[in-house]
Amino acid sequence: MKMILHRKEAHEAEKSTSLQAHPDSQCFLSTLSLDFGSYHHDQLFIVNKDIAPDGFQRSTVLAGRTPQDASFPGPLITGRKGDRFTINVTDLLTDPTMDRSTSIHWHGLFQKTTNYADGVAFVSQCPIATNHSFLYDFGVPDQAGTFWYHSHLSVQYGDGLRGPIVIYDPEDPHQDLYDVDDESTIITIADWFHLTSLQLLAALVVPNADATLINGNGRYVGGPDTPLTVINVEHGKRYRFRLIDMSFDAFHGFSIDNHNLTIIEVDGINTLPHTVNFIEIYPAQRYSFVLNANRPISNYRIRALSNTGVGAHNFTNGVNSAILRYVGAPEEEPQTSQPLSSDVMIFREGDLHPLENPGAPGNPYPGGADLVLNFTLGFDADMVLFSMNGFTTKRRDAPAGPHPFHLHGHAFDVVRTSDSSEYNFKNPVRRDTTLVAMKNQTTIRFVTDNAGPWFLHCHIDLHLSLGLAVVLAEDTRDTKKDDMIPADWKALCPIYNSLTPSQLP
């Protein structure tokens, strides 16, 4: 497996051979303005709570706008393009079987001039210790689309700390394609485990998901017939669904029986409409698709088949599924079937193209950027050896792939996707999370226009914990000037460093 990063820079004389880059001059005009649209102030309380989303009760780590209403997934955060957010996160965690400190990453938001608010523990901040809080203050001057938030400390988000973010665009270029786009059209997928994330990490084996949760509900094999999520639609209307994979480890095959899905957005980037009836979605990826509710009034199975654990049981007794219910249909579980394999319209990542400003930066040939970084991943199944750029470790759970890699602070152009040997510099898919697969190469390009330390990592959380990550130090000379750090940020490290062993994890 190989990943190549092409980073476009303006100053040839200042190119670095290390993992540092300087700003592209064309981007000086896009620095964060002091003018915002609306201001959104929010509270997130991080608490331990026993829940049973699949019928099996366990202690979790959840977010809520009050300590009492913490939920899985966490509360929806919404705004509009150009808005500013101030979100006060208060840590009230007490359960010693899971991490009791925390940090929150706002996945997909670029945090231009607010790198300190990116939420990556030990990269952009020290963790928030229990019984303390931190105010995340950031703007979204030029982004709209589907995002999410999650813990970025150790493997904590696997215990439940994840929630959706939607930034609406009043001038959405796709708005004529759909009639409904609101809280009811958000679909979250998550793998769910009956063990805590720290137990899964200590086991040092590939974990098997006990359940697949769709909008927080699901079933496990041999468990009770817990209620499945029901998504209601009205016949004759067109719905923009926002699909978010919040998984900890598994990826999923998503479909809705007898309905096509027209993709119009990927990871916060508008795309040319592309119609499929099956989406393979990996941890941290997002897709908006339009569904035309033009089928007979009935109940239809929503499917999200896990690649591990519960996925081996297909959809028996409703596992890995939810319900699309037309208004007027009886309140019963669907009897619909999946399409024949010959009728499945699966898309390849390279089939997607940006709607606005297509084209990768740099020159249109391999290596045609100012700085080329090569990351080679290796896995020896016989010796159980994992390596990255020649550095080798021996672990029983060495990650073999595929790996959904996410870059903080940027979207990138995938000029060579993981399932192709061809390059596309003219109109490659643009997103923030893409696959790196065995025995192939993925190449991405982006412009270094956002000063700060940005994490590039596998979004399978156990793999990240094993070190499948690198920090890109971008424009180090301007980071301090561009990212003005607030006083409460400076207080995080002394508080965290004063914790005793009994207060950790």
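# Report on a predicted structure

The largest pocket holds about 1100 Å³ of space.

## The largest pocket

Rolling a probe the size of a water molecule over the atoms shows where empty space is left. In this model the lining of the largest pocket is made up of 44 residues. Phe110, Asp142, Ile269, Asn357 and Arg430 are the lining residues that lie nearest the centre of the pocket. By class, 17 of the lining residues are nonpolar, 14 are polar and 13 are charged.

Strand S9 (145-151), strand S10 (162-168), strand S14 (238-245), strand S17 (269-276), strand S26 (412-416) and strand S29 (441-447) each give at least two residues to the lining of the largest pocket. Strand S29 supplies three residues, the largest share.

## The disulfide

A disulfide is a covalent bond between the sulfur atoms of two cysteines. The structure has one disulfide. The bond joins Cys126 and Cys493, whose sulfur atoms are 2.0 Å apart. Because the torsion about the S-S bond of Cys126 and Cys493 is about 85°, the disulfide is right-handed. Cys126 is placed in the loop between strand S7 (104-107) and strand S8 (133-139), while Cys493 belongs to helix H4 (residues 487-497), so the pair ties together parts that are 367 residues apart in sequence.

Are the two partners buried or partly exposed? Cys126 has a relative accessibility of 9%, and therefore counts as buried. Cys493, with a relative accessible area of 25%, is partly exposed. Another cysteine, Cys458, has 0% relative accessibility and so counts as buried.

The structure contains 18 aromatic pairs. In one of them, Phe251 and Tyr282 have ring centres 4.3 Å apart and ring planes at 25°; an angle under 30 degrees counts as stacked, so this pair is stacked. Phe251 is found in the loop between strand S14 and strand S15 (252-256), and Tyr282 in the loop between strand S18 (279-281) and strand S19 (286-292), so the pair ties together parts that are 31 residues apart in sequence. Phe251 and Tyr282 are both buried.

A further pair is formed by Phe254 and Phe289, and this pair is tilted, with 5.8 Å from centre to centre and 45° between the planes. Phe254 lies in strand S15 and Phe289 in strand S19, so that the pair links distant parts of the chain, 35 residues apart. Phe254 and Phe289 are both buried.

The table sets out the geometry of these two pairs.

| Pair | Centre to centre | Angle between planes | Arrangement |
|---|---|---|---|
| Phe251 and Tyr282 | 4.3 Å | 25° | stacked |
| Phe254 and Phe289 | 5.8 Å | 45° | tilted |

Aromatic residues also gather in a cluster, which consists of Phe85, Trp106, Phe134, Tyr136, Phe138 and Tyr149.

Which rings have the charged end of an arginine over them? The charged end of Arg58 sits over the ring of Trp192, at 5.4 Å from the ring centre. Likewise, the charged end of Arg303 sits over the ring of Phe315, at 4.6 Å from the ring centre.

## Points of the backbone

Most residues other than glycine have a negative phi, and most peptide bonds are trans. The following residues depart from these rules.

Phe72 and Pro73 are joined by a cis peptide bond, with omega about -10°. Pro73 belongs to the loop between strand S4 (58-64) and strand S5 (77-80). Leu504 and Pro505 are also joined by a cis peptide bond, with omega about 5°. Pro505 is in the segment after helix H4, the helix that holds Cys493.

Ser154 is not a glycine, yet has a positive phi of about 50°. This serine lies in the loop between strand S9 and strand S10, two strands that each supply at least two residues of the pocket lining. With a relative accessibility of 35%, Ser154 counts as partly exposed.

Asn320, again a residue other than glycine, has a positive phi near 60°. Its place is in the loop between strand S20 (299-306) and strand S21 (321-326). Is Asn320 buried or exposed? At 0% relative accessibility, Asn320 counts as buried.

Notes. Residues are numbered from 1 along each chain as its sequence is written. This is a predicted model: local features need pLDDT of at least 70, side-chain atom pairs count only at pLDDT 80 or more; totals for chains, interfaces and linings use all residues. Side-chain values use heavy atoms; hydrogens and water are left out. On a 1 Å grid over the protein atoms alone, a cavity is a set of points where a 1.4 Å probe fits but cannot get out, and a pocket is an open set with protein on both sides within 12 Å along at least five of seven lines; lining residues have an atom within 4 Å of a point. Grid points are joined across faces, edges and corners, and a volume is the space filled by probe spheres set on the points. Helices (H or I, at least four residues) and strands (E, at least two) are DSSP runs, numbered from the N terminus. Ala, Val, Leu, Ile, Met, Phe, Trp, Tyr, Cys and Pro count as nonpolar, Asp, Glu, Lys and Arg as charged, and the others, Gly among them, as polar. A disulfide is a pair of cysteine sulfur atoms within 2.5 Å. Buried means under 20% relative accessible area, exposed over 50%, partly exposed in between (1.4 Å probe, protein chains only). Rings of Phe, Tyr and Trp (its six-membered ring) pair if their centres lie within 6.5 Å; planes under 30 degrees apart count as stacked, over 60 as edge-to-face and the rest as tilted. A charge sits over a ring if NZ of Lys or CZ of Arg is within 6 Å of the ring centre and within 35 degrees of the ring normal.
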